Amino acid sequence: MGSDPQYAKYPSLSLAQDIFTLTNPSSADSSRHTSLKKIQDAVSEHKMAPLYRYLAHPIDGILNTSGEGSTHKSSTPGSRKIPGASSSLKRRPSVSVDFPWDEELYKRLRIDNEKELDSFQKEEEEATEQAGDTEVQAAKGKRAEFWARVGDKDKAIAAYEAVLEKTGVLGTKIDIVLAIIRMGMFFGDRLLVKREVDRAKTLVDTGGDWDRRNRLKAYQGLHYLTIRSYNLAAPLLLDSLSTFTSYELCSYSSLVVYSVLAGSVSLKRVDFKSKVVDAPEIRAILGDGEEKLSALSGAAASGPGAGDEEMQDASSATPAAASTVVNLTALGSGQDAAQEAEAAIDFTPLAGLVRSLYVGNYQAFFLALAAVEDNFLSQDRYLYEHRGWYVREMRLRGYQQLLQSYRVVGLQSMASDFGISVDFLDRDLAKFIAADRIPCTIDRVNGVIETNRPDDKNKQYADVVKQGDSLITKLQKYGQAVRLRGSERG
């Protein structure tokens, strides 16, 4: 049996999302004001002097332009590359951020931090003199959580490593590594996250309990999402839906969004139907009233084709159906009582994307894709950087799905199906054809698209010839090197 997770409270990744929203040019003004209030409240409540300096300092702060020393002056994000800063913060266009620097507040926070550190030091010294190793480790763990709470990345990681070095319990080791992963995610350090995910996987494989193994699955899926490996992220995130407990990583609503987006762009049609369209966990969120009831009661799990007759064409990407606005805390009966209630989210665009792609309503599919970009891809710190790539890949998926059913398709007919102009379709398809993503040719004179489905055996033969040529070239180079070394020996 595994013990309860430790070191799971800090850092708060929802705060990192608020920082992103504050500097995101796609965010609404009301969202920015709400995020600013949350950041200011968190800084004051948790005495986050290091994070406050990291964000708002007039010289070093990533949200302020270098040289702005006024206490209450509005500032814009600079283009300087701050070590450890989130890549999304560094690459986004400038947007006005009203996050003033208050020197007096910073001094008060520093004093509070020093007092708290002194108490940890005294506790550790007393534990060393009067208690055993367990109490000493507990005191060191409090110091590590303190640095994670106040937002000092380097000191938090160093403190976690110090605790990890003296820890013998496997479950605690895994919890510490997961905490380090969250520190990397908070500050957008992907190299750190990749290294620590591999480290956690090694620890879990040596005998980690079911709960930590399941939690790591969500961590891995989210990491793959941030590095655009949606094909690797999709199975991990979809598997996590039914047993999700990593609320320190993201909310369940966010997990649903990530799972559906990753599955829609990467899964084959058969897997897309079974794991996304017909998945009870997803139908309970994206379906209509009857589908939600059947999914929650277990009827949706009766077979891959259950409920197909209830699927409707997506009509519009504009949110209209109130039944698609879901508060997921009402669905998760197994959530911890301390888990904060999630805000209601309108899943209408996401539901429209899934339905229209599956049933082949391509005009509604493009409308839903545009709405998904506005409401989800452009508003999430993990998805923002890849939004252009995602929209392009989903357009490609729609084109491929339609073209694979026909030998010849009229340009005007296909453009009408997608609700776009012939010129746009011509330009868009040309890019994919040039990149060998769609096997077809465009005949503008006759106004048709001819598909060229390669025979599987011919394709395999071509691949063998291509790979064989590469192998022969490498062998020739190797042979020349061996002969050269032999002549040198003679």
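Tutor: What follows takes a few residues in turn, with the general idea before each case. This is a predicted model, in which local features need pLDDT of at least 70, side-chain atom pairs count only at pLDDT 80 or more, and totals for chains, interfaces and linings use all residues. Residues are numbered from 1 along each chain as its sequence is written, and side-chain values use heavy atoms, with hydrogens and water left out.

Student: Why does valine 372 count as buried?

Tutor: Buried means under 20% relative accessible area, exposed over 50%, and partly exposed in between, with a 1.4 Å probe and protein chains only. Valine 372 counts as buried because its relative accessibility is 0%.

Student: Which residues is valine 372 in contact with, leaving aside its neighbours within four places in sequence?

Tutor: Contact means heavy atoms within 4.5 Å, and with those neighbours set aside valine 372 touches Leu261, Pro349, Leu350, Leu353 and Leu377.

Student: How far away is the nearest side chain of opposite charge to aspartate 380?

Tutor: For charge, Lys and Arg count as positive and Asp and Glu as negative, while His and the chain ends are not counted. A salt bridge is a side-chain nitrogen of Lys or Arg within 4 Å of a carboxyl oxygen of Asp or Glu. Aspartate 380 is buried yet has no salt bridge, the nearest side chain of opposite charge being arginine 381, 7.0 Å away.

Student: What does the side chain of aspartate 380 reach at 2.8 Å?

Tutor: The backbone nitrogen of tyrosine 382 lies at that distance from the side chain of aspartate 380.

How values were computed
A polar contact is a pair of N or O atoms within 3.5 Å; within protein, one must be able to donate a hydrogen and the other to accept it, and residues adjacent in sequence count only if both atoms are side-chain atoms.
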